[in-house]
Amino acid sequence: MKSGKLVEFLKQGQFVIPYYLFQLKDKFTISFEEFIFLIYLSNLGVKSVFDPETISRDLHITLEQIMIMIDHLSEQKYISVDVIKNEKGIMEEYVVLDLFYEKVAMLLMEEMNHNDQLDKINIFEKIEQEFARPITSIEYEIIKAWLENGISEELVLEALKEAVFNGVTNLRYIDKILYEWTKKGIKTSDDVSKYQLKHRETKKESKKLELFEYDWFDEEE
């Protein structure tokens with residue numbers, strides 16, 4: 001498919017490329033033309049009748065080019081071609097994209113796992129940034145122990161925020177916060193928010209009670 005023909009096709013306003021697929025395009029072991037062909041097929045649905053003439057007209061490519069791409073994508077396990085009898089009893093060929101989406105799902109999972117690993121690495125950097133100094137080897141082991149004992153990075157970062165808010169930048173204070181939160185069953189940032197909200201409401205109620213119990217008559221004397 002030549003670039004000029006591709007631009008002409010894109011201008012029709014009927015071609016949708018999901019952003020996540022565009023991000024993954026360099027990870028596919030196929031040509032850019034085959035990638036565009038797969039996106040065209042995905043716009044038709046996960047399973048569509050194989051109609052070479054319509055494809056040729058829509059993408060401005062020859063029937064020979066279509067068959068070459070179909071064969072290569074089948075060999076690379078991106079698509080499968082099924083022959084199914086329709087309601088009229090006529091055998092029809094269908095292009096099925098299940099294999100393509102299985103590859104996409106695997107690539108997305110790899111991306112998510114990679115990002116999780118980066119988060120685990122970056123948590124040490126985030127603490128250093130807030131402390132405005134490198135962490136010591138002992139501090140590194142303390143943070144590592146938190147994570148190994150099931151405390152999430154999310155909760156450690158919340159405790160870090162709490163410590164910085166109170167003007168304290170040492171791990172002993174953060175460890176105390178984490179200990180208290182763990183005793184109260186707090187495990188996520190949502191739990192922290194709910195606990196803080198409940199704590200503020202309790203303080204408000206306590207102040208109201210003190211105001212209600214104030215001895216105004218003694219004050220007048």
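Q: In the hairpin of β2 and β3, which residue takes a positive phi near 80°?
A: This is a predicted model, where local features need pLDDT of at least 70, side-chain atom pairs count only at pLDDT 80 or more, and totals for chains, interfaces and linings use all residues. Residues are numbered from 1 along each chain as its sequence is written, and side-chain values use heavy atoms, with hydrogens and water left out. Strands here are DSSP runs of E, at least two residues, and helices are runs of H or I, at least four, numbered from the N terminus. Five residues sit between the two strands of this hairpin, and the one with that phi is glycine 89.

Q: What is the strand order in the open sheet of three strands?
A: Strands count as paired if DSSP finds at least two bridges between them. β1 (47–49) and β2 (80–85) are the edge strands, each pairing on one side only. With antiparallel pairing, the order is β1-β3-β2.

Q: Which residue is the bridge partner of valine 83 in β3?
A: β2 and β3 (residues 91–96) pair antiparallel over six bridges. Aspartate 82 stands opposite tyrosine 94, while valine 83 has as its partner glutamate 93.
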